[in-house]
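Have a look at the model first, then read on.

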Amino acid sequence: MYGNSSPFASHGQRASNMYNRVGVETDVLMATPHRLVAMLLDGANDSMTQAIGAIRTGNVEIKNRSLSRAVRILDEGLKAALDLDSGSLALDLRDLYAYMCMRLTHANLHTDVAAVEECVRLLQPIREAWGSISPAAAEQRAAA
């Protein structure tokens with residue numbers, strides 16, 4: 001009934017939540033730019049997957065939280081990090097992320113699981129392509 005951050009959660013639940021948060025924060029601080037983008041892509045995918053489950057079980061609170069998180073990752077993380085002067089790929093990704101934000105907002109307002117599933121399908125090839133890039137090669141291109 002109550003989440004780990006609730007004052008009604010047990011001390012063990014709150015401690016576990018804080019431990020996980022420290023782990024994520026440490027990962028972010030230690031991550032390369034390539035790894036940070038991978039973490040954002042995975043976070044958006046995880047949030048959308050969680051939203052699909054919440055829609056199917058009728059959990060409105062988790063649906064809202066998950067879709068809002070996915071939109072923030074796409075808009076404030078992935079889209080904001082693009083170097084729009086680098087060419088048409090960055091511009092295409094910006095437009096795709098904006099479209100996905102619009103679809104996820106629609107999904108949240110109308111409890112539309114098909115719209116979320118569409119966004120998961122759209123993000124999957126990007127996640128796979130990013131994962132296939134060697135982190136060393138990505139760092140060399142960023143330094144050039």
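Which residue caps the N-terminal end of α5? That's D112, with a side-chain oxygen sitting 3.1 Å from the backbone nitrogen of A114. Keep in mind that this is a predicted model.

On to the helix itself. α5 has 20 residues, which should span 28 Å at 1.5 Å a residue, and its end C-alpha atoms are 29 Å apart, so the two agree. There is still a kink of about 25 degrees at L123, shortly before the proline P125.

The buried residues of α5 are A115, V116, E118, C119, V120, L123 and I126, and they pack against α2, α3 and α4. L123 shows up again here: leaving aside neighbours within four places in sequence, its contacts are L41, A44, N45, M48, Y97 and M100.

Now zoom out to the largest nonpolar core, which has 24 residues. The members touching the most others are M48, L74, Y97, M100, L104, V116 and L123. Two or more residues come from each of α2 (33–57), α3 (60–79), α4 (88–110) and α5 (113–132).

What about the cysteines? The disulfide count is zero.

Methods: Residues are numbered from 1 along each chain as its sequence is written. This is a predicted model: local features need pLDDT of at least 70, side-chain atom pairs count only at pLDDT 80 or more; totals for chains, interfaces and linings use all residues. Side-chain values use heavy atoms; hydrogens and water are left out. A nonpolar core is a set of buried Ala, Val, Leu, Ile, Met, Phe, Trp, Tyr and Cys residues joined through side-chain atoms within 4.5 Å. Buried means under 20% relative accessible area, exposed over 50%, partly exposed in between (1.4 Å probe, protein chains only). Helices (H or I, at least four residues) and strands (E, at least two) are DSSP runs, numbered from the N terminus. Contact means heavy atoms within 4.5 Å. A disulfide is a pair of cysteine sulfur atoms within 2.5 Å. The expected span of a helix is 1.5 Å times one less than its number of residues. The bend at a residue is the angle between axes fitted to the seven residues ending there and the seven starting there. A polar contact is a pair of N or O atoms within 3.5 Å; within protein, one must be able to donate a hydrogen and the other to accept it, and residues adjacent in sequence count only if both atoms are side-chain atoms.
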